Amino acid sequence: MRFLHLADLHLGKQLNGFSLVDDQRAALADLIGRAGELGAHALVLAGDLYDKASPSAESVALLDWLLTTAAEAGLAVLAVPGNHDSAERVGYAAQLLARQSVFVPGPFDGTLSCVTLEDDAGPVRFWLMPFLKPALVRPHFPDADIAQSYTAALEAVIGAAPIDPRERNVLVAHQFVTFGSTEPERCDSELIVGGVDNVDARVFDAFDYVALGHLHRPQRIGRDTVRYAGSLLKYSLSEVRDAKSAVLVDVGAKAEGADPGACVTFELVPIRPPHDVRVVRGPLAEICAAAHADAPDAADYVHAALTDEAPSLDALRMLRAVYPNLISFEYDNEATRTARTTGASAPAEEPAAIDAEALFARFFEEQNGFAPNERQQAIISAALARATEGGAA
């Protein structure tokens with residue numbers, strides 16, 4: 001049995017005001033197009049299908065397209081809701097979808113959903129676990145000592161499932177998983193994840209492969225076959241150096257008495273979005289040179305780190321002319337490094353040296369995450385003109 005393991009699609013995600021829907025669709029279309037060449041039989045989605053519990057109409061349409069396209073490509077789909085999802089919304093029409101080999105459980109009802117797929121070596125049991133908290137589990141296991149322990153909660157759920165260790169078993173889950181004192185690597189946006197909500201990886205010893213979602217960095221935790229796929233795209237600057245991938249998992253025949261996971265092999269399949277997220281660094285004039293403007297990656301989502309000692313009020317306009325998808329910029333020079341070291345503020349510019357329109361445009365961008373367009377700039381100019389006239393009267 002061969003399947004692609006993806007997680008943390010976050011459909012509808014924006015990056016500093018830029019919609020990533022087109023990039024998400026392109027990356028997913030490329031993966032599904034390659035699935036046949038890779039010999040995949042199924043697509044596993046380990047939670048956070050949406051970026052919000054109340055997704056936009058555009059996000060819902062994108063998931064609809066994904067499920068339809070995967071089914072038309074002959075792929076079974078096995079998905080679970082993550083902590084960003086509404087289990088009720090994700091599980092809508094589950095029975096109808098199952099007739100098209102699209103399996104998405106709704107809210108947790110005390111049991112693990114199990115879907116069986118067949119190959120030449122026999123059945124493979126896919127156990128689908130939505131994102132769980134102890135409060136969701138305790139009512140179904142009143143005699144279990146769960147309290148606030150995520151590990152105890154999942155032990156109760158898995159312990160009650162009729163898992164046959166002689167068969168091939170795959171778990172799809174969306175949790176923060178640790179291994180003893182070892183924690184997985186987290187991105188800057190995930191530093192609040194972890195602590196009391198951790199689940200020890202030993203809870204999953206009955207499974208040959210554990211397809212995890214929740215963290216955006218691809219990695220194993222504990223053994224090789226307990227894996228986070230990572231997010232579909234780079235969703236923060238802390239992910240700039242991450243190589244995004246799907247996990248192509250092979251579950252072969254299981255030998256009698258073999259250790260869990262011994263029948264599993266896998267490889268990482270690079271995800272190829274139309275735009276990367278990257279950082280450019282250097283003096284303003286250098287990184288805005290004509291050669292960069294003509295480069296094929298100029299339309300990437302770019303953060304600029306300017307090393308000029310003297311700030312330029314024209315920096316934003318110059319950067320946007322070269323990098324239309326500029327997401328942010330900052331100065332990284334002696335003054336800002338000193339300020340970061342000492343905790344002091346960088347020297348302020350003289351008010352008289354600051355153009356009023358440029359100052360308001362800077363304020364607008366800081367508040368909204370994007371620069372004013374031509375119409376908005378015209379409104380600003382007209383308002384400042386009226387204010388100037390009023391002051392002079």
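**Entry 1: the sheet**

I started with the open sheet of six strands, which has the order β7-β8-β9-β12-β14-β13 and mixed pairing. Strands here are DSSP runs of E with at least two residues, helices are runs of H or I with at least four residues, and both are numbered from the N terminus. Two strands count as paired if DSSP finds at least two bridges between them.

Which strands stand at the edges? They are β7 (113-119) and β13 (219-221); each has a single partner strand, so one side of each is left without a neighbour in the sheet. I also noted the twist, which averages 30° from one strand to the next. For that angle, axes are lines fitted to C-alpha atoms (for helices over the stretch in contact), and angles run from 0 to 180 degrees between N-to-C directions.

**Entry 2: what I am looking at**

This is a predicted model, where local features need pLDDT of at least 70 and side-chain atom pairs count only at pLDDT 80 or more, while totals for chains, interfaces and linings use all residues. Residues are numbered from 1 along each chain as its sequence is written, and side-chain values use heavy atoms, with hydrogens and water left out.

pLDDT is the predictor's confidence in each residue, from 0 to 100. Its mean over the protein chain is 90, and 90% of the residues reach 70 or more. Residues 346-354 fall below 50, and beyond near neighbours in sequence I see eight contacts for this stretch in the model. Contact means heavy atoms within 4.5 Å. Where pLDDT is low, the predicted coordinates should not be read in detail.

For the overall picture, I logged 12 helices and 19 strands in the protein chain. Its C-alpha atoms fill a box of roughly 85 × 45 × 35 Å along the principal axes. Of the contacts in the chain with a separation of 6 or more, 69% are between residues 24 or more positions apart.

**Entry 3: around β8**

β7 and β8 form a hairpin with two residues between them, and they pair in the antiparallel sense over seven bridges. In this pairing T116 stands opposite R125 in β8.

On to β9. How do strands β8 and β9 run? β8 (residues 122-128) and β9 (residues 168-174) run parallel, joined by five bridges. I picked out two facing residues: W127 has L171 in β9 as its bridge partner, and L128 stands opposite V172 in β9.

Then I checked burial, where buried means under 20% relative accessible area, exposed over 50%, and partly exposed in between (1.4 Å probe, protein chains only). β8 is mostly covered, with five of its seven residues buried.

**Entry 4: two cores**

I took a nonpolar core as a set of buried Ala, Val, Leu, Ile, Met, Phe, Trp, Tyr and Cys residues joined through side-chain atoms within 4.5 Å. The largest has 40 residues, and those with the most contacts inside it are L4, L6, L9, L43, L45, L66 and L232. Elements giving two or more residues to this core are β1 (2-6), α1 (21-38), β4 (42-46), α2 (57-72), β5 (76-80) and β15 (245-251). α1 gives the most, with six residues.

A second, separate core has 31 residues, M129, I163, L171 and F207 among them.

What does L45 touch, leaving aside neighbours within four places in sequence? I listed L6, L9, L66, V77, L78, A79, V80 and V172.

W65 is found in helix α2. Not counting residues up to four places away in sequence, W65 touches R25, L28 and A29. W65 and A29 are 36 residues apart in sequence and 9.7 Å apart in space, C-alpha to C-alpha.

R217 sits in the loop between β12 (209-213) and β13. Is R217 buried or exposed? R217 is buried, at 16% relative accessible area. With neighbours within four places left aside, R217 is in contact with E185, R186, C187, Y228, G230, S238 and D242. The C-alpha atoms of R217 and S238, 21 residues apart along the chain, are separated by 10.0 Å.

**Entry 5: cysteines**

I searched the whole structure for disulfides (pairs of cysteine sulfur atoms within 2.5 Å), and found zero.
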